[in-house]
Number of protein chains: 2
Amino acid sequence: MRRRITLKQIAKELDVSISTVSKAIRGSKEISLDTRQKVQAFAKLYNYKPNNIAISLKNRNTKNIGVIIPEIVHHFFTTVIRGIEQVANSKGYNVIVCLSNESFDKEVINMEMLANGSIDGFIMSVSKETQKKKDFHHLREVVNQGMPLVMFDRVSDEIFCDKVIVDDARGAYQAVEHLIKTGCKKIALVTTVDYVSVGKLRTLGYKNALSENGIAIDEDLIIKIEDIENCDKEIEKLFDQSQFDGVFAVNELFALTAMKIARRRGFEIPDDISFVGFTDGILSKHASPTLTTLAQHGIEMGEIAAKMVIEKIEEEEEEDSFRTEIIRTSLIERDSTKKI
Amino acid sequence: MRRRITLKQIAKELDVSISTVSKAIRGSKEISLDTRQKVQAFAKLYNYKPNNIAISLKNRNTKNIGVIIPEIVHHFFTTVIRGIEQVANSKGYNVIVCLSNESFDKEVINMEMLANGSIDGFIMSVSKETQKKKDFHHLREVVNQGMPLVMFDRVSDEIFCDKVIVDDARGAYQAVEHLIKTGCKKIALVTTVDYVSVGKLRTLGYKNALSENGIAIDEDLIIKIEDIENCDKEIEKLFDQSQFDGVFAVNELFALTAMKIARRRGFEIPDDISFVGFTDGILSKHASPTLTTLAQHGIEMGEIAAKMVIEKIEEEEEEDSFRTEIIRTSLIERDSTKKI
DNA sequence: GAAACAAATGAAAACGTTTTCGTGTTAATA
DNA sequence: TATTAACACGAAAACGTTTTCATTTGTTTC
């Protein structure tokens with residue numbers, strides 16, 4: 001690769017010292033107007049741009065933020081990245097994205113790769129496998145090393161760092177309450193297995209909403225899905241076994257699949273059965289009927305996470321106080337639920 | 001930030017030279033077994049990891065690949081990133097993602113930011129604005145600088161570099177031909193304005209398919225949409241003005257919107273009107289009826305792009321030969337078209 | 001004409017590696 | 001005993017910056 005011109009080369013060419021060139025380019029008054037102009041003209045001609053790597057080494061910072069997410073083909077995570085990018089870029093930072101693909105090992109490898117000087121701070125959401133194993137040593141390590149870390153969405157209590165989370169329990173509560181208010185009496189829950197922190201919290205919110213509205217919790221109305229790819233089979237079973245007039249699903253896909261099955265079985269939506277989902281992605285908006293859902297405000301999460309991490313990166317002395325920012329969900333009413 | 005331990009510190013602590021430490025850690029036979037073990041133990045204890053930035057400066061490479069895309073909340077681009085990530089990671093590279101948000105200026109800024117030593121090569125898809133302006137000086141600059149560049153999907157003939165593209169014209173041809181084969185006589189086209197290269201090519205494919213099947217091109221059946229957000233208004237107009245029994249739309253959203261409007265107007269799908277879209281995203285699979293569409297194989301594109309760029313990065317002497325890899329689309333038959 | 005000063009420039013260190021090329025010590029050989 | 005070879009280690013340069021602290025030159029002042 002042809003290389004960009006360096007200070008050294010310019011210095012040699014113009015027969016001055018490297019320091020003079022450096023100062024001249026940055027317009028230092030220390031250098032005479034004459035040489036300043038000469039150097040600047042030359043630099044411009046040869047399209048000189050300082051080498052970021054050298055500057056990083058000197059300044060001991062990289063102006064990079066590392067982001068590790070479990071999956072990129074996932075609307076929620078991409079919205080978060082968008083938010084991160086926006087803020088990061090406006091403050092002169094680049095974003096290095098790594099995917100764990102929900103694998104613990106890949107998460108660890110990626111973190112180590114980035115932690116060795118490539119970035120100034122981390123923003124991450126841990127993989128399912130990590131949540132299942134409950135092994136967070138890699139996070140603890142970067143924190144101990146003094147590297148700023150912000151966890152979002154899928155977080156852990158074991159790690160002391162800044163966090164941005166969705167108020168999952170409250171969101172679920174909100175959703176179920178909406179179903180109750182619009183007349184549902186028997187509300188089913190389609191959720192994930194418990195080790196997925198958000199699934200667990202949303203299940204909690206569901207139960208709270210029922211209890212507080214004087215509705216008994218019927219475990220037969222709850223299904224916990226492990227294999228997302230084949231969720232339809234599980235949901236079919238739910239329809240076989242029980243009757244209900246409302247469904248709360250912890251993500252878009254479960255909600256859509258349930259709606260599809262309901263319609264195939266001849267139920268009218270929302271008259272016979274109402275549906276609410278979590279996560280306001282593209283599916284909800286374009287489903288038929290359109291799906292009432294909880295917006296998670298991913299962009300906002302990303303923005304806040306980026307602000308937090310940059311704040312920590314740039315703060316003078318290291319403080320050991322950590323914040324947890326909670327993003328409220330908002331209910332987007334569409335056509336899968338009855339109007340009040 | 002507490003910093004990681006360096007060779008220098010270890011050297012001082014163990015009272016040997018930096019070079020000895022470096023060699024010992026890397027297990028060089030040049031160093032006695034005794035010191036080797038001593039140093040390695042110490043390094044392990046203090047969790048020594050070489051600083052990537054220093055190594056980058058020394059080696060004059062970063063093991064980073066820069067990716068610039070117009071938009072991340074877009075299924076196709078995320079699949080491409082996934083493919084890039086996969087290959088890049090397996091070869092020891094990180095991926096730095098920057099978004100242009102379809103803005104020319106941001107694209108230029110991002111490129112310059114990354115070109116100053118942060119990355120070893122570029123993979124990119126240009127913004128709409130760039131395509132409209134036809135200003136590719138920033139691309140030309142990095143190419144002239146000798147930095148490997150791979151363009152994908154939205155490419156330009158003006159730039160000499162490796163490219164990975166979808167065979168848009170052929171794909172569109174394939175789609176329209178399928179409509180014809182399943183009995184459609186009057187086929188409408190919902191496309192984008194012409195400066196979007198892929199829109200233009202897909203339009204071409206549509207026209208070719210009609211011509212070659214002896215069907216006259218009726219310009220009234222073609223609408224070119226500029227404002228994607230409000231595509232429904234434009235599509236409504238199409239339904240008002242003309243009659244047709246098939247629709248080919250250049251993306252998922254246009255196809256779904258058209259289907260929605262058709263159903264609202266009482267048409268049966270696919271009996272009265274058939275629909276085919278381009279891009280096999282999540283929407284197509286979950287639409288009702290499910291949408292027949294052209295898979296673009298984004299992951300494969302990403303993989304190929306990554307391979308190409310890494311090949312160029314790692315090749316000994318610079319060659320001036322460039323390849324253009326063409327990815328064939330494949331038709332995914334679903335329920336929005338009739339069976340043959 | 002010497003002393004003091006300002007202006008312009010340069011040398012060198014530092015950031016953290018890797019690598020080449022000594023150099024000094026010890027052991028083996030003639 | 002003198003020569004060589006093997007071994008263990010260290011000094012220094014290089015990557016490209018920035019910055020601090022000289023040093024040189026010319027100018028002013030007494």
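## Cis peptide bonds

Pro270(B) sits in the loop between helix 12 (252-264) and strand 9 (274-278) of chain B, where helices (H or I, at least four residues) and strands (E, at least two) are DSSP runs numbered from the N terminus. The peptide bond joining Ile269(B) and Pro270(B) is cis, with omega about 5°. In chain A, a cis peptide bond joins Ile269(A) and Pro270(A), with omega about 10°. Pro270(A) is in the loop between helix 12 (252-264) and strand 9 (274-278) of chain A.

## Basis of the values

This is a predicted model, in which local features need pLDDT of at least 70 and side-chain atom pairs count only at pLDDT 80 or more, while totals for chains, interfaces and linings use all residues. Residues are numbered from 1 along each chain as its sequence is written, chains are lettered from A and ligands numbered from 1 in the order in which they are written, and side-chain values use heavy atoms, with hydrogens and water left out.

## Positive phi

Most residues other than glycine have a negative phi, and most peptide bonds are trans. Glu102(A), which is not a glycine, has a positive phi of about 65°. Glu102(A) lies in the loop between strand 2 (94-99) and helix 6 (104-115) of chain A and is partly exposed, with a relative accessible area of 21%. Buried means under 20% relative accessible area, exposed over 50%, and partly exposed in between (1.4 Å probe, protein chains only).

Thr279(A) has a positive phi near 80°. Thr279(A) belongs to the loop between strand 9 and helix 13 (282-286) of chain A, and is buried at a relative accessible area of 11%.

## Salt bridges

Over all chains there are 34 salt bridges, each a side-chain nitrogen of Lys or Arg within 4 Å of a carboxyl oxygen of Asp or Glu. One of them pairs the side chains of Arg202(A) and Asp168(A) (2.7 Å, N to O). This pair links distant parts of the chain, with Arg202(A) in helix 10 (residues 197-212) and Asp168(A) in helix 9 (residues 168-181) of chain A, 34 residues apart. Both Arg202(A) and Asp168(A) are buried.

Arg265(A) and Glu236(A) meet in a salt bridge at 2.6 Å, N to O. Arg265(A) lies in the loop between helix 12 and strand 9 of chain A and Glu236(A) in helix 11 (residues 231-241), so the pair ties together parts 29 residues apart in sequence. Arg265(A) is partly exposed at 35% relative accessibility, and Glu236(A) is partly exposed at 22%. A network of salt bridges links Glu236(A), Asp240(A), Arg264(A) and Arg265(A).
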